[in-house]
Amino acid sequence: MSVVVQNTQGWVLDACSLIDQGYSPCVRFKDNQKSHVRCRFKRQCFQILKSHYSVSASAAVDGGNTDMLQKTDKPPKKRKRKHSELNQGEVDSQAFHEKIRSVILEGTKSLMDSGRSLGFLNGVTDAAKEPLPSQECSLAALCEMAKELPLVDDEQDERVQLLVAEDGCTSHVDLFSRVAENRADWATVVTLMGEEYVIPPHTAFLLSDFTRIQPLVHYGRRFDLIVMDPPWENKSVKRSRRYSSLPSSQLKRLPIPLLASPNCLVVTWVTNRPSHLRFIRDELYPHWGVEVVAKWFWVKVTTSGQFVFPLDSHHKKPYEVLVLGRYRSSADNSTSSSETSEVPVEDQRLIVSVPSALHSQKPSLSEVLKPYVGAEAKCLELFARCLQPGWTSWGNEVLKFQHTSYFTLTPTDDRTNVPKEEATDDCSDKPTVTPVLSSPGQSSPPRHSPTTDD
């Protein structure tokens, strides 16, 4: 059960179960052979056991989530200030926190009480104590290399390519300049650029950076839901050099009006900096013709239901903000009200879940947003680092969390729900996926991923 609780305050989510949805059945293509596997995201990635964490010498904080959380009995060292007064940004942050504090505290308590009554978030874990996956992602570096290749001429070539051919076998794909689709009704494990990735069913994606987003526009789809997790600039990102950030002003170049359908719901993950919130409200959304309709909060808790960080911590808050808006195109004003009917979005809802211990991996919003866009909505994620069943995704690390190192793959003979034609296909004489660019022969390049905020 991925949505554990739903009430007037919001939702309690089982984020790991949300990922697992859509991966059954799953077919694996390897060495020109096909087999059936049970596919589950590794449970140890969501075992955040205790609160009040600090960072050890081998662990890095990543904007509220951590690569490795460790408890310490020592109080955190305070940075010395040159001046006793708070700067304007800190004053604004504190004022924002005080304004929403009671919403976070009371809403989380209500949701957690309901979750515990169902036996959820009681501190019990069935995950083995295993190290976290440590796959070094080189996708962003490959995107940089791909810039040397010419873009596909849309007048001469198909704008869309099948990742898995209609006969159920893998085919040659160009990941960097055309949208790739898995049209199968089952998840597929395929080899791309020398690495294995798990691709959900009915999924489309484009692996590119900000400068090569044109093929997504040429894809020709208009979306009813657009979720984005921009790489916001901040001091932590600059110090860690974990990924490249993107200046706020550059976000205005995203072609939202070319991608959004009338009344499209636009959802943006944002850091707790008031300047970023003001930018979305006063500049970014108005620039796109998007009207702000609500602010929601993702509250991060441990497996026992405690805030990951103290609620009033000056260093890290146990919540992040989502800004929701509706795309209002002047060209669509003539459309009748019956054709543009929409479900009102309630303000200040909470999404409570255990965060991933992997860097900046956000929970899926597919289930909580479904009532506001409809079950058949066309959905798009920008700056994505993973794929979702039925969604289109774009980013320069769009396949990062699809790597098989993040999954447990167990061979199985269970072919339940697998179409007959798929169950009997033999790909022994079919070609495997041929990459346009091969992975660099040298050691993996440093991460360079403008895909998430800190």
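Guide: Helices (H or I, at least four residues) and strands (E, at least two) are DSSP runs, numbered from the N terminus. Just after helix H2, Gly119 takes a positive phi of about 80 degrees. The model is predicted, so local features need pLDDT of at least 70 and side-chain atom pairs pLDDT 80 or more, while totals for chains, interfaces and linings use all residues. Residues are numbered from 1 along each chain as its sequence is written, and side-chain values use heavy atoms, without hydrogens or water.

Visitor: How many helices and strands does the protein have?

Guide: By those runs, the protein has nine helices and 21 strands.

Visitor: What makes H2 close to its expected span?

Guide: The expected span of a helix is 1.5 Å times one less than its number of residues. H2 covers residues 88-117, which is 30 residues, and the distance from its first C-alpha to its last is 43 Å, close to the expected 44 Å.

Visitor: Where does H2 bend, and how is a bend defined?

Guide: A bend at a residue is the angle between axes fitted to the seven residues ending there and the seven starting there. At Ile100 in H2, this angle is about 45 degrees.

Visitor: Which residues of H2 are called buried?

Guide: Buried means under 20% relative accessible area, exposed over 50%, and partly exposed in between, with a 1.4 Å probe and protein chains only. Among the buried residues of H2 are Phe96, Ile100, Ile104, Leu111 and Met112. The buried residues of this helix pack against strands E1, E2, E16, E17 and E18 and helix H7, where a contact means heavy atoms within 4.5 Å.

Visitor: Why are His202 and Gln348 classed as they are?

Guide: His202 has 43% relative accessible area and is therefore partly exposed. Gln348, at 34%, also counts as partly exposed. His202 lies in the loop between E12 and E13, and Gln348 in the loop between E17 and E18. Neither is a glycine, yet phi of His202 is near 50 degrees and that of Gln348 is about 55 degrees.

Visitor: How do you know that Ser313 and His315 make a polar contact?

Guide: A polar contact is a pair of N or O atoms within 3.5 Å; within protein, one must be able to donate a hydrogen and the other to accept it, and residues adjacent in sequence count only if both atoms are side-chain atoms. The backbone nitrogen of His315 lies 3.1 Å from a polar side-chain atom of Ser313. At the start of H2, a side-chain oxygen of Asn87 comes within 2.7 Å of the backbone nitrogen of Glu90.

Visitor: How do you know that E14 and E19 pair?

Guide: Two strands pair if DSSP finds at least two bridges between them. E14 and E19 are parallel and share four bridges, so they meet the definition.

Visitor: Why are E1 and E9 called edges of their sheet?

Guide: Both belong to an open sheet of 12 strands with mixed pairing. E1 and E9 each have a single partner strand, so one side of each is left without a neighbour in the sheet.
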